[in-house]
Amino acid sequence: SDLRMVTKENRNEYVDRYVDFLLNKAIENQFGSFSKGFWRVCSRLCRVSSRTSLFHPKELMAIASGCATFDLMEIREVAEYVNGYHETHRNIVWFWDILSKFGDTLKKKFLVFLTGSDRIPITGIKSMKFFIQRADCGRGGDRLPAAHTCFNVLDLPDYSTHGTLRDKLILAITHTSGFGLV
């Protein structure tokens with residue numbers, strides 16, 4: 001509403017007002033909606049009713065983006081098997097053996113491959129569902145494992161050897177690009 005010309009004397013005031021407009025006033029409605037939704041989720045997740053005074057920055061980060069540390073073998077406890085697989089099936093036993101021997105880097109890559117994220121929700125892996133389903137190997141067992149990240153489903157071909165399963169799984173998880181969100 002102030003239609004003054006910008007001069008050398010008032011340029012700092014102009015910049016301050018412009019920045020305030022861009023970072024605060026122009027997004028006030030959108031930020032209000034975001035804040036309302038954020039606190040609706042946080043109050044349910046953390047069973048809190050007051051605002052940021054209850055959280056340290058790292059805790060807020062964990063709520064917003066999930067936990068970076070996890071025990072990937074917890075997936076085994078919540079995994080469900082589909083299309084002919086069961087907990088004692090040869091490929092499933094091999095799969096868990098291979099996964100248990102992965103270092104931190106490969107475990108994180110596997111989590112990205114399976115879920116699309118390198119983090120787990122703050123509620124933990126046990127709050128998620130995972131499915132491992134038997135898939136056709138293709139001719140000569142050349143098909144790689146595939147993942148449906150929206151549903152946490154792993155299509156695991158029925159390979160004939162432990163080594164083939166390990167090699168194909170590592171190839172699949174190290175050469176995936178996903179949506180580039182992580």
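Trainee: Quick one to start: what is the relative accessible area of Tyr14?
Mentor: Tyr14 comes out at 42%, so it is partly exposed. Here buried means under 20% relative accessible area, exposed means over 50%, and partly exposed is in between (1.4 Å probe, protein chains only). Before we go on, this is a predicted model, where local features need pLDDT of at least 70, side-chain atom pairs count only at pLDDT 80 or more, and totals for chains, interfaces and linings use all residues. Residues are numbered from 1 along each chain as its sequence is written, and side-chain values use heavy atoms, leaving out hydrogens and water.

Trainee: Got it. And how are the rings of Tyr14 and Tyr18 arranged?
Mentor: First the rule: rings of Phe, Tyr and Trp (its six-membered ring) pair if their centres lie within 6.5 Å; planes under 30 degrees apart are stacked, over 60 edge-to-face, and the rest tilted. That rule gives four aromatic pairs. For Tyr14 and Tyr18, the centres are 6.0 Å apart and the planes are at 15°, so the pair is stacked.

Trainee: Where do Tyr14 and Tyr18 sit in the chain?
Mentor: Both are in helix α1 (residues 11–23), four residues apart, which means about one helical turn separates them. Helices (H or I, at least four residues) and strands (E, at least two) are DSSP runs, numbered from the N terminus. Tyr18 is partly exposed too, at 43%.

Trainee: Which residues form the nonpolar patch on the surface?
Mentor: The patch has Val6, Tyr14, Val15, Tyr18, Val19, Phe21, Leu22 and Leu23, with about 750 Å² of accessible area together. The areas come from the Shrake-Rupley method with a 1.4 Å probe, and for residues only the protein chains shown count as cover.

Trainee: Changing topic: how many residues are in the largest nonpolar core?
Mentor: It has 30, and Ile75, Phe95, Trp96, Phe110 and Ile132 have the most contacts inside it. A nonpolar core is a set of buried Ala, Val, Leu, Ile, Met, Phe, Trp, Tyr and Cys residues joined through side-chain atoms within 4.5 Å. Helix α5 gives the most to this core, with six residues. Phe95, Trp96 and Phe110 are also linked into a cluster by ring pairs.

Trainee: What does Ile75 touch?
Mentor: Leaving out residues up to four places away in sequence, Ile75 touches Trp96, Phe110, Leu111, Leu114, Ile125 and Phe130. Contact means heavy atoms within 4.5 Å.

Trainee: And His89, buried or exposed?
Mentor: His89 is buried, at 11%. His89 is in the loop between β1 and α5, and beyond four places in sequence it touches Gly84, Arg134 and Asp158.

Trainee: Last one: how many helices and strands in the protein chain?
Mentor: Seven helices and four strands.

Notes: Patches are made of residues with over 30% relative accessible area and no salt bridge: like charges are joined within 9 Å, nonpolar side chains (Val, Leu, Ile, Met, Phe, Trp, Tyr) within 5 Å. A salt bridge is a side-chain nitrogen of Lys or Arg within 4 Å of a carboxyl oxygen of Asp or Glu.
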